[in-house]
Amino acid sequence: RTAASVDAELKSLCAQVEACRKCPLGSQRLHPAFGVGSSSADVLFIGEGPGFEEDRQGEPFVGKAGQLLDKILASIGLKRQTVYIANVVKCRPMIDPTDPEKRGNDRPPSPDELEACRTYLEAQIRLVRPRFIVALGGVAAKTLLRTEDGIMRLRGRWHEFDPGGGLAPIPLLPTFHPAALLRNEDWKRDVWTDMKNLKKAMENES
Ligand code: URA
């Protein structure tokens, strides 16, 4: 495994996602938001799925929630270019797929869509092989941990993600989704606590 071979495999996986029609979202979206950042990142941040702005730009977390995520990263000295950012679903789920321009047209991915996209996410994680994963919000946390427990139960504690392929389990920390912080300021404290916890773990093992 070299950095170049990992990059090449990520590129080929991204091309597969571009051609994917395993669920209806593939033919509804403008661009998939495959992933962004460093393929040798220590930390992988995983959100739910692309929204309006991500669909236009083909990059995860570039809208309002993304701007807040950038600030959250900066609070512990991280940058979008030095971590890796992806979503559990690569294509934008819409409430009304006939009107992509309509505002307020984003929705969470369905169980079928999550299942269809899962192999891409798992391949992506096995390629990046981060030391830590941060699940942003309940959808990402539940999907990755295969649990019905909600974000209130899961957040703030370390869990383990099994990447398969004979690789060791990866410590996974669920926290609130940045979009949730835009709705409820009270949760910012908890995310700040979680980021300090992440930073400590990164320093401990490096
Ligand atoms: N919300 C997400 O979960 N992912 C994005 O990429 C943007 C907003």
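This is a predicted model: local features need pLDDT of at least 70, side-chain atom pairs count only at pLDDT 80 or more; totals for chains, interfaces and linings use all residues.
Just after helix 5, Arg-129 takes a positive phi of about 45 degrees.

**Helix 5 and the residue after it**

- Helix 5 covers residues 111-128, and at 1.5 Å a residue its 18 residues should span 26 Å. The C-alpha atoms at its ends are 25 Å apart, which agrees with that expectation.
- Along the way, helix 5 bends by about 40 degrees, and the bend is at Cys-117.
- Cys-117 is also one of the buried residues of helix 5. Others among them are Glu-113, Leu-114, Ala-116, Arg-118 and Tyr-120. Further along the helix, the buried residues include Leu-121, Ala-123, Gln-124, Ile-125, Leu-127 and Val-128.
- Arg-129 sits in the loop between helix 5 and strand 4 (132-136). Its positive phi occurs although Arg-129 is not a glycine.
- Arg-129 counts as partly exposed, because its relative accessibility is 41%.

**The ligand and its surroundings**

- Asn-87 uses its side chain, with an N or O atom 2.8 Å from a nitrogen atom of the ligand.
- His-177 also takes part through its side chain, where an N or O atom is 2.8 Å from an oxygen atom of the ligand. On its own the ligand has 240 Å² of accessible area, and the protein covers 91% of it.

**A closer look at Phe-61**

- Phe-61 belongs to the loop between helix 3 (52-57) and helix 4.
- The phi of Phe-61 is near 50 degrees, a positive value in a residue other than glycine.
- With a relative accessibility of 5%, Phe-61 counts as buried, the cut-off being under 20%.

**Arg-80, a buried arginine**

- You will find Arg-80 in the loop between helix 4 (64-75) and strand 3 (84-87).
- Arg-80 counts as buried because its relative accessibility is 12%.
- The side chain of Arg-80 has a polar contact of 2.9 Å with the side chain of Glu-59, and another, of 3.1 Å, with the side chain of Asp-70.
- Beyond its neighbours within four places in sequence, Arg-80 is in contact with several residues, including Val-36, Gly-37, Pro-60, Phe-61, Val-62, Gly-66, Leu-73 and Ile-85.

**Arg-92, a buried arginine in another loop**

- Arg-92 is located in the loop between strand 3 and helix 5.
- A relative accessible area of 1% makes Arg-92 buried.
- The side chain of Arg-92 makes a polar contact of 2.7 Å with the side chain of Asp-106. A polar atom of the Arg-92 side chain is also 3.1 Å from the backbone oxygen of Pro-100.
- Setting aside neighbours within four places in sequence, the residues in contact with Arg-92 include Leu-25, Arg-29, Pro-50, Gly-51, Phe-52, Asp-55, Lys-102 and Asn-105.

**Gly-37 in strand 1**

- Gly-37 is part of strand 1 (residues 36-37).
- Gly-37 counts as partly exposed, at 36% relative accessibility.
- Although Gly-37 and Val-83 are 46 residues apart along the chain, their C-alpha atoms are separated by 5.5 Å.
- Val-83 is among the contacts of Gly-37 that remain when neighbours within four places in sequence are left aside, along with Arg-80, Gln-81 and Tyr-84.

**Trp-187 between two helices**

- Trp-187 has its place in the loop between helix 8 (178-183) and helix 9 (188-205).
- At 24% relative accessibility, Trp-187 counts as partly exposed.
- Trp-187 touches Met-152, Phe-176, Ala-180 and Leu-181, if residues up to four places away in sequence are not counted.
- Thr-175 is 12 residues from Trp-187 along the chain, and the C-alpha atoms of the two are separated by 9.6 Å.

Methods
Residues are numbered from 1 along each chain as its sequence is written. Side-chain values use heavy atoms; hydrogens and water are left out. Helices (H or I, at least four residues) and strands (E, at least two) are DSSP runs, numbered from the N terminus. The expected span of a helix is 1.5 Å times one less than its number of residues. The bend at a residue is the angle between axes fitted to the seven residues ending there and the seven starting there. Buried means under 20% relative accessible area, exposed over 50%, partly exposed in between (1.4 Å probe, protein chains only). A polar contact is a pair of N or O atoms within 3.5 Å; within protein, one must be able to donate a hydrogen and the other to accept it, and residues adjacent in sequence count only if both atoms are side-chain atoms. Contact means heavy atoms within 4.5 Å. Accessible areas come from the Shrake-Rupley method with a 1.4 Å probe; for residues, only the protein chains shown count as cover.
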